[in-house]
Amino acid sequence: MSLKTAIWNGLLVAALCIAGFLLYRIFRQYSLEQIVQSVRSIPFPSFGTALLFAAASYLCLSCFDLLAIRSLGKSLPYRKIVLASFISLSLGHNIGFAGLSSGAFRYRYYSRWGLTAVDVAKIILFCGVTVGLGLITLGGLALIVNPGDAGGLLRIDPASTRLFGLLALVVPVVYAGLAFFIRGRLRLWHWSFQLPRISIALAQIGVGTINFMMVSACLHQMLSVFGDVAFFKSVTAYVLANSAILATHVPGGLGVLEATVSYAVPQEASIGALIAFRCAYFFIPLALGTTLLVVSELIFRRRSRGADEETEERAEAQSV
């Protein structure tokens with residue numbers, strides 16, 4: 001066994017141990033009775049709809065990788081991109097420092113399919129920019145559409161809230177404008193950035209915004225069970241929560257998500273709604289992602305072993 005293989009095997013075991021530990025650490029905050037009662041309090045149609053929104057979000061996230069790979073001039077089957085993206089992000093969302101943690105899993109898969117470490121680094125940066133564009137765009141829309149709640153949370157008047165919303169929307173407009181007019185590398189002082197084509201830039205803004213709308217819709221399904229909460233109020237709560245999660249890098253936003261959402265919608269943010277949301281968007285994908293990781297590793301190793309045996313047989317035949 002080579003040193004590289006040993007290192008990756010060690011990282012794989014560590015990832016599985018971390019996933020198990022995260023599930024234990026998150027669930028130990030609540031008693032079994034609390035968890036069961038909270039999940040039972042969510043009607044199945046609402047929970048099922050929330051799962052569909054969560055699935056739509058993860059599909060959007062796979063489109064981040066698809067757009068990134070196309071911007072590099074590379075080509076991979078979408079089924080491979082979905083596999084790498086879902087495993088990387090379902091684990092990365094729960095481990096914390098999603099860019100780095102999911103990046104390690106991305107490299108594990110994309111390097112097998114011909115991409116270099118530089119390519120993977122560019123994919124991670126591209127996806128990070130797409131996350132930022134989506135969050136800023138949806139946040140700007142929330143400030144404009146729902147200035148009352150957002151202003152109350154930020155402690156500013158509605159007019160100023162709308163102004164901040166308009167300023168936020170300037171960011172994606174400027175990004176798209178730069179991609180359209182520069183069509184190449186953007187140089188700022190000592191830094192240089194390769195801008196995507198305008199079509200890819202617009203797709204980044206669109207799919208990034210839709211992704212966060214899907215997550216907000218997943219949260220809204222849970223909150224609406226416990227009160228009459230407007231959709232954009234859920235959007236405001238999630239945008240603020242996700243901003244705090246990105247700033248703190250707490251694994252899975254543990255505690256940060258609950259605190260922010262509870263502050264934004266105190267009457268609707270019951271323990272049942274928040275646990276159900278975690279189950280739909282974090283726990284179930286984590287379990288599925290971990291299972292896919294184990295299964296895919298077994299398949300890759302079997303194929304690799306078969307290829308090695310075939311190579312040895314050819315070598316023996318040639319020597320004879």
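A residue counts as buried when its relative accessible area is under 20%. By that cut-off Asp119, at 9% relative accessibility, is a buried residue. Keep that in mind as you look around this model, which is a predicted one.

**Salt bridges**

- Searching the whole structure turns up four salt bridges.
- One of them joins Asp65 and Arg106, whose closest N and O atoms sit 2.9 Å apart. This pair connects distant parts of the chain, with Asp65 in helix 3 (residues 44-71) and Arg106 in helix 5 (residues 98-110), 41 residues apart. Asp65 and Arg106 are both buried.
- Asp119, the buried residue from the opening, has a salt bridge with Lys74, and here the closest N and O atoms are 3.9 Å apart. Again distant parts of the chain are linked: Asp119 belongs to helix 6 (residues 117-145), while Lys74 is in the loop between helix 3 and helix 4 (78-95), 45 residues apart. Lys74 has a relative accessible area of 37%, so it is partly exposed.
- Glu297 and Arg112 also meet through their side chains in a salt bridge, at 3.1 Å from N to O. Because Glu297 is in helix 12 (residues 271-319) and Arg112 is in the loop between helix 5 and helix 6, this pair ties together parts 185 residues apart in sequence.
- On the Glu297 side, the relative accessible area is 2%, so Glu297 is buried. Arg112, at 31% relative accessibility, is partly exposed.
- There's a network here too: salt bridges link Arg108, Arg112 and Glu297.

**Helix 6 with helix 8**

- To describe two packed helices, you give the angle between their axes and the distance between the axes.
- For helix 6 and helix 8, that angle is about 150 degrees, and the axes are 7 Å apart. Angles over 145 degrees count as roughly antiparallel, so that's the label for helix 6 and helix 8.
- Helix 6 and helix 8 make a left-handed crossing.
- On the helix 6 side, the residues in contact include Val129, Leu133, Ile136 and Gly140, and on the helix 8 side they include Arg162, Phe164, Leu169 and Tyr175. Sorted by class, this contact of helix 6 with helix 8 has 13 nonpolar, four polar and one charged residues.

**Helix 8 with helix 9**

- Helix 8 (residues 158-181) also packs with helix 9 (residues 198-223), at an angle of about 165 degrees and with the axes 8 Å apart. Helix 8 and helix 9 are therefore roughly antiparallel as well.
- The crossing of helix 8 and helix 9 is right-handed.
- Helix 8 brings Pro172, Tyr175, Ala176, Ala179 and Phe180 to the contact, and helix 9 brings Ile198, Ala201, Leu202, Gln204 and Ile205. By class, that makes nine nonpolar, one polar and no charged residues.

**A stop at Met214**

- Leaving out residues up to four places away in sequence, Met214 touches Phe53, Ala56 and Ser57.
- Met214 and Val235 are 21 residues apart in sequence, and their C-alpha atoms are 9.6 Å apart in space.

Terms used:
Residues numbered from 1 in each chain as written. Predicted model: local features only at pLDDT ≥ 70, side-chain atom pairs only at ≥ 80, totals over all residues. Heavy atoms only, no water. Axes fitted to C-alpha atoms, helices over the stretch in contact; angles between N-to-C directions. Helix = DSSP H or I, 4+ residues; strand = E, 2+ residues; numbered from the N terminus. Parallel < 35°, antiparallel > 145°, perpendicular 65-115°, else oblique. Left-handed = near helix turned anticlockwise from the far one by under 90°. Contact = heavy atoms within 4.5 Å. Nonpolar A, V, L, I, M, F, W, Y, C, P; charged D, E, K, R; others polar. Buried < 20%, exposed > 50% of the residue type's maximum accessible area, 1.4 Å probe, protein only.
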